[in-house]
Amino acid sequence: MTATEKPTALLVLKDGTVLQGRGVGATGEAVGEVCFNTAMTGYQEILTDPSYAGQIITFTFPHIGNVGTNDEDIETSNLASTSGVRGMVIRADITQPSNYRSAKHLDAWLKTRGIIGLSGIDTRALTSRIREKGSVDGLIAHDPSGNFDVPALLEKAKAWPGMVGLDLVKDVTCGQSYTWNEARWKWGCGYEPGHELKHRVVAIDYGIKRNILRCLTSAGCEVTVVPAETKAEDILSMNPDGVFLSNGPGDPAATGEYAVPEIRKLVESGKPVFGICLGHQMLALALGATTEKMHQGHHGANHPVKDHTTGKVEITSMNHGFAVSRESLGSDLEETHVSLFDGSNCGIRLKGKPVFSVQYHPEASPGPMDSHYLFERFVKLIEEARG
């Protein structure tokens, strides 16, 4: 923004830094962890990914808004639910939409979803600050009048407890169980209904993304989604062929207080288990490993991961601020995937049992189909378990 322009939005960091810009989207204020995302596409999917609950996203790519928005690309499983993301920070003003699937301008869509946005700041400088000093908590505020009580906003930013020890899954999980039968998007057809659904899968919703459900359906799974606090006994009473542990937000150790004992029972049952993101982290906790807060986290659609089981490298989409500690993996766990950016753990397999998980998001298709084999791997384990 120009030197003479009055700011209508602020980003107030917990360390006292105040960034001024132009407000977009909803008005109001919200606190959260400020992170950056390096993806060049998929801003609507990112802004509706429940895994981003409690976070303020800084987009490093400048042309945000260029494909508009639509109702099909929302990742929140419950369309009536508001997004868990706390805010959006961008460099340039929202780009005018230029895409045949666009149904609404991003600014209007942000207002509808209740997401506060800020444009006109140096996102490169903010990204560099996060990379050097680590993730930082902050408050984003938008007031068209430009009247801000900065000391009061700073106190609110400082009062936010941060991600460590925070269970955000209860804010994004479904209220009751439901079935899913929509498959992946197909050119010229859109999202098609699933067919030849041979395998019954129960998906535990810690903040599940719609495209994960579509990938399971496309792999031949009839999916029943259940709330995060569903007991293992209730899941096993449904007689599933396999159990899926979904992605989600917050500290896995906090959510794990009630989720890990149930996951452990599911593993002991002998049923095939597949986890993604938060599901991966809590499966690791259930198998005796530990998790740790990352310096800046991994957020983007260009992360190279090596699959040790095949020797291949995948380009993956990631969104996580916690990771499984490699040093904590016991002898019964095999590390199957590793990040080629920083060497952090990205996948595990329980030796001798049909149980595995990955840290990244295979359904997001940045490769674009590098990681879809994981859903087929899950189905193969189900078929082998059924004999």
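Here is a tour of the pockets, the cavities and one loop.

This is a predicted model, in which local features need pLDDT of at least 70, side-chain atom pairs count only at pLDDT 80 or more, and totals for chains, interfaces and linings use all residues. Residues are numbered from 1 along each chain as its sequence is written, and side-chain values use heavy atoms, with hydrogens and water left out.

**Stop one: the largest pocket**

A pocket here is an open set of points on a 1 Å grid over the protein atoms alone, with protein on both sides within 12 Å along at least five of seven lines; lining residues have an atom within 4 Å of a point. The largest pocket has a volume of about 1200 Å³, where volume is the space filled by probe spheres set on the points, and points are joined across faces, edges and corners. Select Thr 41, Gly 42, Glu 45, Ala 364 and Ser 365: of the 45 lining residues, these are the closest to the centre. Now colour helix 1 (43-47), strand 9 (182-186), helix 6 (210-218), strand 15 (291-307) and strand 16 (312-324), the elements that each give two or more residues to this lining. Helices (H or I, at least four residues) and strands (E, at least two) are DSSP runs, numbered from the N terminus. Helix 1 gives the most, with four residues.

**Stop two: the second largest pocket**

The space here is about 290 Å³. Strand 15 supplies the largest share of the lining, eight residues. By class, the lining has three nonpolar, eight polar and two charged residues (Ala, Val, Leu, Ile, Met, Phe, Trp, Tyr, Cys and Pro count as nonpolar, Asp, Glu, Lys and Arg as charged, and the others, Gly among them, as polar).

**Stop three: the cavities**

A cavity is a set of grid points where a 1.4 Å probe fits but cannot get out. How many cavities of 30 Å³ or more are there? The count comes to two. For the largest, at about 130 Å³, select Ser 51, Gly 250, His 320, Gly 321 and Phe 322, which lie nearest its centre among 16 lining residues. Strand 16 gives the largest share of that lining, four residues. The second largest cavity holds about 30 Å³, and its lining has six nonpolar, two polar and no charged residues.

Go to Ser 371, in the loop between strand 19 (355-358) and helix 10 (373-386). Is Ser 371 buried or exposed? It counts as buried because its relative accessibility is 4%; buried means under 20% relative accessible area, exposed over 50%, and partly exposed in between (1.4 Å probe, protein chains only). Show the side chains of Ser 371 and Glu 314, and you'll find a polar contact of 2.5 Å joining them (a pair of N or O atoms within 3.5 Å; within protein, one must be able to donate a hydrogen and the other to accept it, and residues adjacent in sequence count only if both atoms are side-chain atoms).

Pro 368 lies in this loop too, and a cis peptide bond joins it to Gly 367, with omega about 5°. Finish on Ser 365, also in the loop between strand 19 and helix 10. Ser 365 has a positive phi, near 55°, and is partly exposed at 24% relative accessible area. Most residues other than glycine have a negative phi, and most peptide bonds are trans.
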